Amino acid sequence: MNAGPLIEPDQIPTLIDPVILDVRWYLDGRDGYASYLQGHYSGAVFVDLDTVATEPAPPTAGRHPLPPPATFVRSIAELGVGPTSQVLIMDDARGSIAARIWWMLDVLGIEAYVLLGGVQSLPEADICLTPCHATPKAPWTLSINEWPENRVVNTDEIENQSSRFLLLDARSQERYLGDEEPIDRVGGHIPGARSLPWQRVLDTIEGSSVDSSRAEISNICDDERELVAYCGSGVTACTLILALRAYGREAKLYPASYSGWSSDPSHIVCTDICDD
C-alpha cells in the first residue's frame, strides 16, 4: 500500500515551496478560524470551507454543494494557489476536512497532499500563533465548466443505475443505522450503501486498525463495481476517496450525499446493515 497524497510531518520538507492551507471546520458550529488562531503550522493560511469549497443551492443538492470549478479557482488563487503549485492541506480532524479541498484540487490536476494525523501530529516547534496571509495569484483559465462526470455521481444515477455502484457511507455507523441523526431530516442511509466510516480507513493506513478492518477494505477494493463515496454533506466522503487511492482504487464522489438524498421525502432510506 502506498499512502500517496497522505503525508506525514517528516515528509513536509520534501515538498517544493508548497502553498499551505489550514482547513478547519466543525459540524457542531465551532469557529474554525478561532481554532486556527490558537495554533497552526508556520506559513499556513486559513481556508473557510463554507465559502471556498461550497456554494448556496437547493436542499436536494446537499449541505455542501460544489461550486463551479471556475469559482473555486478564483477562490484558491486568492489563497496563493496556481496551476503548478504544490499544495499541503491540513486540519485538526485527521485530514477528514482537508480531504475536500484535496479532492477539488486533484480533480483540477493540482499536486496536493493532506497531512496524515492533522495539526496535532506536528512538532511543537512548527506551530505558529500569528495569522499568515496569502500572496494571491491570478486565476488560470480552465477547459471545463463542470466537475468531470468521471469523478462525480448525481442523484439520478444513484436512483436509476444503482447496480453499477458500490456506495460507501463515510459517516459513523450510528448515523448509518439511524440510531442518531444530529442534523438531517431523517436517520438512516441510501439503499444498498455499505458502512465504511472514514476513521476506519485512516486507521488502516496509520497502522492502528485490526485485521478484520483491513480485510473488509481489501474486499471492497476487489469489488468490480464503481466505488462511490458519500457522507452527510460531501466533505468527509472525500477522505474515503483519498484513503482508497492508497489501496490503488479510485472512487467517485456523490456531492449531494445523504443530506441531499434524505431531503427529498420520496427517497427511501434504510436502517439495516448492507454487506453485499
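**Exercise 1. Is D106 buried or exposed, given its relative accessible area of 17%?**

*Solution.* Keep in mind throughout that you are working with a predicted model.
- Step 1: Take the value for D106, a relative accessible area of 17%.
- Step 2: Recall the cut-off: buried means under 20% relative accessible area.
- Step 3: D106 therefore counts as buried, with its 17%.

**Exercise 2. Find the residue that D106 meets in a salt bridge, and describe where the two partners sit.**

*Solution.* 
- Step 1: Look at the side chains: D106 pairs with R151, at 2.9 Å from N to O.
- Step 2: D106 belongs to helix α4 (residues 98–107), while R151 lies in the loop between β7 (127–128) and α5 (155–160).
- Step 3: The two are 45 residues apart, so this bridge links distant parts of the chain.

**Exercise 3. Which residue forms a salt bridge with R164, and how is each partner classed?**

*Solution.* 
- Step 1: The partner is E157, and the closest N and O atoms are 3.7 Å apart.
- Step 2: R164 has 28% relative accessibility, so R164 is partly exposed.
- Step 3: E157 has a relative accessible area of 17%, so E157 is buried.

**Exercise 4. Follow R175 from its salt bridge to a network and then to a pocket.**

*Solution.* 
- Step 1: R175 bridges to E181, with 2.9 Å between the closest N and O atoms.
- Step 2: Through shared partners, salt bridges join R175 and E181 with R63, D169, R171 and D184 into one network.
- Step 3: With a relative accessible area of 10%, R175 is buried.

**Exercise 5. Describe the surroundings of A53.**

*Solution.* 
- Step 1: Locate A53 in the loop between α2 (49–52) and α3 (69–78).
- Step 2: A53 has a relative accessible area of 1%, so A53 is buried.
- Step 3: Leaving aside residues up to four places away in sequence, A53 touches D48, P65, L66, P67, R100, I101 and M104.
- Step 4: Compare sequence and space for A53 and H64: they are eleven residues apart in the chain, with 7.7 Å between their C-alpha atoms.

Definitions and conventions
Residues numbered from 1 in each chain as written. Predicted model: local features only at pLDDT ≥ 70, side-chain atom pairs only at ≥ 80, totals over all residues. Heavy atoms only, no water. Helix = DSSP H or I, 4+ residues; strand = E, 2+ residues; numbered from the N terminus. Buried < 20%, exposed > 50% of the residue type's maximum accessible area, 1.4 Å probe, protein only. Contact = heavy atoms within 4.5 Å. 1 Å grid on protein atoms, 1.4 Å probe; cavity = no way out; pocket = protein on both sides within 12 Å on 5 of 7 lines; lining within 4 Å. Salt bridge = Lys/Arg side-chain N within 4 Å of Asp/Glu carboxyl O.
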